[in-house]
Amino acid sequence: MIDEPPRPDPAAGPLLETPEEMRRSGYAIVDAIVDRWARLGDDPAWQGATRDITEPMLHGPPPEEGRDLAGLLDTVLGDVMPLAGRIDHPRFLAFIPSSPTWASVLASFLINGYNIFQGTWLESSGPSQIEFTVTEWFREWMGYPEGGGGLFTSGGSAANLIAIVAAREAAGNPARGTVYASGQTHASVSRAARIAGVDPSLVRFVPTDDAFRIRPSRLLAAIRRDRAAGLEPFCLVATAGTTNTGSIDPLAELAGIARDEGLWYHIDAAYGGFAVLDPETRPLLQGMELSDSLSLDPHKWLFQPYETGCLLARDASRLEAAFRIMPSYLQDAEWGPEHVNFCDRGLQLTRTFRALRVWLSMQRYGVAAHREAVARGIALAKGAEARIRSEAELELLSPQCLGIVCFRYRGDESIPAAALDDLNARIQDEIVQSGYAMMSSTRVRDCFSLRFCVLNYRTTEEDLARVLDRIVAAGRRLGAEARPPGPAGESAPA
Ligand SMILES: Cc1ncc(COP(=O)(O)O)c(C=O)c1O
């Protein structure tokens, strides 16, 4: 830690630091991050605390006078940051994890240090060129034609909102507009529809098949029924990689329906989109290129820090038609259509330079390294599925799709089916509380399901094998308690 930092030069004003102090504290933070990365796998994958613990530690009014950074960093690094999920821990398998590359972390620091305003070409020509260039890379990877383009966003939720607003505008703001998604669609889509003014009762959750994919025939029937009832269908949202199971809707078939029915076709590919980089997985995503818009989350499967999201449109001018503003106080920023003002493609005027993270990461490690890391996550999830299938006490609830696999501890027939939800919840809790791994649960086929989402480039086969070992061991022990008592009042033998 930093000892005895010099006080800022009083003549420089109270908010200015001396160059020496900036270097000293900046290097200390780099050291802290590098040390954290070096011991990441040995630290708990998750630590949290209830407010009765956090509040006495951390709550209080801001001080009138400033304090030394050294002591403040001790508090931040000792008391604040550890009480959080270590999302980039190799055994953090919950939700959709994120594991940024070092180059992208450095880019984040640079972006803030330079405080780039990425709203207009006038205020950030070099950075705007980079955002344009990186979104062009994405456009090509996703198979969109020239003229497609988009912008970086805070994440998938913002991208979904931008898409639905663009869809609504393109449809002429229908008063009784309906949106089609499925029960597996991410909840940010119905929230986006609500924000965009779509009556929540007019968001249709079309039933899915046994593999959790939208049933096209049911979709078509719903659209026709709504139209006959005087409603105005305007947007279909498919998912390329659902959050629950990783399932991929029948993208090409749905594109045909959207086209025939005159709907804006949005694909939420926030989780799965970058799997196109893996040539073996790419065919599963066929049809993405037929959409009108795509949500992508580089902070998921492109190894970038939060908040790095992206929205692409097949025709970028449709974003500008929905979002462009040009008040007189921005008139200097009008440089002509070839100079994209990214504020015209989405919600934010003041925006940070998120694209630099991806650009630096790609330049530093190359596309091949990112492709390999995506493929590796998928291969590890496949391996986990094989182990689950081979383990009599485990039951697969949803096979590996992309990097996700859902399963539960089943044990033997002596454990009543009705006890399994509770048993698996206890197994999950035990694993999470131990800090060895972080897993989140979900419900699959009406069962409480354990779930792995493998995405981190640090995760190894050994990591997953050890977590599965612990699940089986916890299941055996806790399962013994779930068995009905034997004739002598004893638990049945394991
Ligand atoms: C499929 C999908 N869409 C959208 C989102 C929301 O993205 P964000 O959390 O980046 O806003 C998620 C988040 O996990 C997701 O999995």
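These legends describe close-up views of a predicted model.

**View 1. The shell around the ligand.**
In this predicted model, 14 residues surround the ligand. The closest are Gly156, Ser157, Asp268, Asp297 and His299. By class, the shell divides into two nonpolar, nine polar and three charged residues. Helix H6 (156-170) supplies at least two residues of this shell, and so does helix H10 (298-301). The most comes from H6, with three residues.

The ligand taken alone exposes 390 Å². The protein buries 83% of that area.

**View 2. The largest pocket and its lining.**
The volume of the largest pocket is about 1,100 Å³. Its lining has 32 residues. Closest to the pocket centre are Ile33, Arg36, Trp37, Met81 and Val105. The lining holds 19 nonpolar, six polar and seven charged residues. Three helices each supply at least two lining residues: H1 (19-38), H3 (69-80) and H4 (102-114). H1 gives the most, with eight residues.

Where does Asp88 lie? Asp88 is in the loop between H3 and H4. Is Asp88 buried or exposed? Asp88 has a relative accessible area of 7%, so it counts as buried, the cut-off being under 20%. The side chain of Asp88 makes a polar contact of 2.7 Å with the side chain of Arg36. Arg36 is also among the lining residues closest to the centre of the largest pocket.

**View 3. The cis peptide bond from Tyr306 to Glu307.**
The peptide bond that runs from Tyr306 to Glu307 is cis. Its omega is near -10 degrees. Glu307 is in the loop between H10 and strand S7 (309-313). H10 also supplies at least two residues of the shell around the ligand.

**View 4. Asn173, with a positive phi.**
Asn173 is not a glycine, yet its phi is positive, at about 50 degrees. Asn173 sits in the loop between H6 and strand S2 (177-182). H6 is the helix that gives the most residues to the ligand shell. The relative accessible area of Asn173 is 39%. This value falls between 20% and 50%, so Asn173 is classed as partly exposed.

**View 5. Phe212, with a positive phi.**
Phe212 is a residue other than glycine, and its phi is positive, near 65 degrees. Phe212 is in the loop between strand S3 (203-206) and helix H8 (216-228). The relative accessible area of Phe212 is 9%. Phe212 is therefore buried, as that class takes in values under 20%.

**View 6. Leu312 in strand S7.**
Leu312 belongs to strand S7. Is Leu312 buried or exposed? Leu312 is buried, because its relative accessible area is 0%. Arg191 is 121 residues from Leu312 along the chain. The C-alpha atoms of Leu312 and Arg191 are separated by 20 Å.

**View 7. Gln400 and the backbone oxygen of Leu402.**
Gln400 lies in strand S8, which covers residues 394-401. With a relative accessible area of 17%, Gln400 is under the 20% cut-off and therefore buried. A polar atom of the Gln400 side chain lies 3.0 Å from the backbone oxygen of Leu402.

Note on methods
Residues numbered from 1 in each chain as written. Predicted model: local features only at pLDDT ≥ 70, side-chain atom pairs only at ≥ 80, totals over all residues. Heavy atoms only, no water. Near = heavy atom within 4 Å. Areas by Shrake-Rupley, 256 points an atom, 1.4 Å probe, with all protein chains shown as cover. Helix = DSSP H or I, 4+ residues; strand = E, 2+ residues; numbered from the N terminus. Nonpolar A, V, L, I, M, F, W, Y, C, P; charged D, E, K, R; others polar. 1 Å grid on protein atoms, 1.4 Å probe; cavity = no way out; pocket = protein on both sides within 12 Å on 5 of 7 lines; lining within 4 Å. Points joined across faces, edges and corners; volume = space filled by probe spheres on them. Buried < 20%, exposed > 50% of the residue type's maximum accessible area, 1.4 Å probe, protein only. Polar contact = N/O pair within 3.5 Å; in protein donor to acceptor, adjacent residues only side chain to side chain.
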